[in-house]
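Thanks for asking me to look over your structure with you. Have it open on your screen while you read these notes.

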Amino acid sequence: MRDSDLALIPARRSARALIERGGPGARFAAEEFFAARLRNPNTRRAYGRQAVRFLEWCDARGLELRDVSPGDAALFIEELAPSVANQKVALAALRQFFDLLVTRHAVLLNPFQSVRGPPRGSSDGKTPEITPRQARELLASIDCSRPVGVRDRAILGTLAYTGARVGAVAQLRMRDLRDYGEYRSLRFREKRGKEREIPLRIDLDRWLREYLLFVDSSTEGSTSPLFRPASAASRSRFSSRSLGPWTIRAMLKRRLRAAGLPLIITPHSFRAMVVTDLLEQGVPMEDVQYLVGHSHPSTTQIYDRRARKVTRNVVERISV
């Protein structure tokens, strides 16, 4: 394994040493796993953390890779409880990692293949809800007398009127704003390399046009970011850098606080709002599924909050 590939594994000597002791096959499999197999950077980081955690766990117990049994694998997953999310990510990551080790003849069998994942406790999504009324209040509360307010309204409007993930919004480039004469659209790059193009509502189109008036034309190349931080040189202009998803999340929290709305709301809340609102209006499930970019309707149903509203109505009828 090259030093550049080893750098993808956190600087933990025990993890690296365990791989080295596994021989050439283990080193090749680790290079595939940490450097080549996973293209999505978020997945690569999440899977990498769990793989390194397991390698350190093995080293602390004197276990070599070839000696890991299904019982050891099950014990490691159980110790990640009560976090079901961590258990699921770890199981997916380590199944893939050991598949590569088996393929490269570093181990005989995949010990994680027979480990059952944690039970799914609920069919409801955990994304906190924002209602259309709250979204309107939030957008109306933004002071657009300053360029930053114009930008923030355009960003939150994009989340509210497209149902896109915050990561996809942060990745938007100038070339993704497409002009077809009669209408304009945004092209989003989603997980697993999927691309979606969504026409702009009239109000969102207007908000984007107003925001772009403050973008310096010298940095308006097709590959330059659409949404940018304020320029350090001028408060009336924006820099050529891009806003990260974390910056958008922090901006949303500030706007929620200023509007007096619940701080539990996240950028993903707009996605749940879009799904629920459209389904309530009778829009076919397959159309909503395509809009939000889900591969299967069961994923879209997780964002549907209509059943929760029925539950609240029933609770209000309790005679106490």
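Predicted model: local features only at pLDDT ≥ 70, side-chain atom pairs only at ≥ 80, totals over all residues.

1. Three strands form an open sheet, antiparallel in pairing, and their order is β1-β2-β3. The edges are taken by β1 (177-179) and β3 (195-199); each has a single partner strand, so one side of each is left without a neighbour in the sheet. From one strand to the next, the twist averages 30 degrees.

2. Now zoom in on one pair of strands. β1 and β2 (residues 184-189) run antiparallel and are joined by three bridges. To find your place, look for Arg 178, whose bridge partner in β2 is Ser 185.

3. Nonpolar side chains tend to be buried together in soluble globular proteins. Here the largest nonpolar core has 42 residues, and Val 169, Phe 227 and Phe 270 have the most contacts inside it. Elements giving two or more residues to this core include α9 (166-170), β2, α10 (202-212) and α11 (245-259). Which element gives the largest share of this core? That is α8, with six residues.

4. Finally, visit the second largest pocket, which has a volume of about 340 Å³. Two or more lining residues come from each of α7 (132-141), α8 (147-162) and α12 (267-280). The lining has 15 residues, and Ala 160, Tyr 161, Arg 201, Met 273 and Asp 277 lie nearest the centre of the pocket. By type, the lining divides into 10 nonpolar, two polar and three charged residues.

Technical notes
Residues numbered from 1 in each chain as written. Heavy atoms only, no water. 1 Å grid on protein atoms, 1.4 Å probe; cavity = no way out; pocket = protein on both sides within 12 Å on 5 of 7 lines; lining within 4 Å. Points joined across faces, edges and corners; volume = space filled by probe spheres on them. Helix = DSSP H or I, 4+ residues; strand = E, 2+ residues; numbered from the N terminus. Nonpolar A, V, L, I, M, F, W, Y, C, P; charged D, E, K, R; others polar. Pairing = 2+ DSSP bridges. Axes fitted to C-alpha atoms, helices over the stretch in contact; angles between N-to-C directions. Core = buried A, V, L, I, M, F, W, Y, C linked by side-chain atoms within 4.5 Å. Buried < 20%, exposed > 50% of the residue type's maximum accessible area, 1.4 Å probe, protein only.
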